[in-house]
Amino acid sequence: MAARWHGRGRLGYAITPRFAATSSRAQRAAAGELARAQPQLYVQSHVAENLDEVRWVAELFPEARSYLDVYERYGLLNRHSVYAHCIHFDAADRARMAAQGAVAAVCPTSNLFLGSGLFDFAAAAAAGMAVTLATDVGGGQSFSMFSAMRSAHEVARLRGQALDAFRLWCWATRGAALALGWPQVGTLEPGAEADVIVMNLRATPLLARRTARAGSLEELLFALLVLGDDRVIAQTYIAGQPMKPAAAPTPTATTTPTP
């Protein structure tokens, strides 16, 4: 199956154990063997989402140093690993993620919605851990990266930290592409694949008023992530091709002559 689909155009194959506690030892071992045999494949699961789950995993795997260590013991932590949440990590976990080149896909809308905890962006940065944003709509309420950026900002503020608009937009665009090993996506550099969204800065009256007063690019981007939603997206291009149908012309009133 991996040979059939991985690397075909934009398709990629991910080894996806549901999560450590619900996979049998044989399943985890088979997943690890596949990851070692075909290191180009992705590994995707979730880890350390909430404290009850962390305690449960500790009971199931007393030999493991941590929840993350369960995956690493089976060969499931490498530079193509993307793990959702990663909230309840210690310094050793963050160091292992950084050393192996694994990526934390932080899902702030889901984490806040479920009360799972607050991701420590400052500790992740200090450890050199790769971070990007995700939505996890199964546990949250939106696919929108505008919502994900807003929630990430809120999580950071609740921890007494700050995330500037440049970093948030990078995580939602270029950072997400790099997390998947797609350097040709998420950038406007020559040779990129022209994945672009065109945004309308006047999509709503409030957004128009706020963006008109922006004194810098950072202020403009911050206004967009705070006030933006699907109405902002005027057009989406994937590999240079427009994806949204052209807006229908506004009907005009006509009169039909009476015979």
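Helices (H or I, at least four residues) and strands (E, at least two) are taken here as DSSP runs, numbered from the N terminus. The model is a predicted one: local features need pLDDT of at least 70, side-chain atom pairs count only at pLDDT 80 or more, and totals for chains, interfaces and linings use all residues. Residues are numbered from 1 along each chain as its sequence is written, and side-chain values use heavy atoms, with hydrogens and water left out.

Leu11 sits in the loop that links α1 (2-5) to β1. Its relative accessible area of 44% makes Leu11 partly exposed, a class that lies between buried (under 20%) and exposed (over 50%), with a 1.4 Å probe and protein chains only.

The strands come next. Five of them form an open sheet in the order β1-β2-β3-β4-β5, paired in parallel; two strands pair if DSSP finds at least two bridges between them. At the edges are β1 (14-15) and β5 (130-133), each of which pairs on one side only. Within the sheet, β3 (residues 81-85) and β4 (residues 103-106) are joined by 3 bridges in the parallel sense. Ala84 has Ala105 of β4 opposite.

Asn78 belongs to the loop between α4 (67-73) and β3. Asn78 counts as buried because its relative accessibility is 16%. Leaving aside residues up to four places away in sequence, Asn78 touches Ala35, Val43, Gln100, Gly101 and Ala102, where contact means heavy atoms within 4.5 Å. A polar atom of the Asn78 side chain also lies 2.7 Å from the backbone nitrogen of His80.

Note on methods: A polar contact is a pair of N or O atoms within 3.5 Å; within protein, one must be able to donate a hydrogen and the other to accept it, and residues adjacent in sequence count only if both atoms are side-chain atoms.
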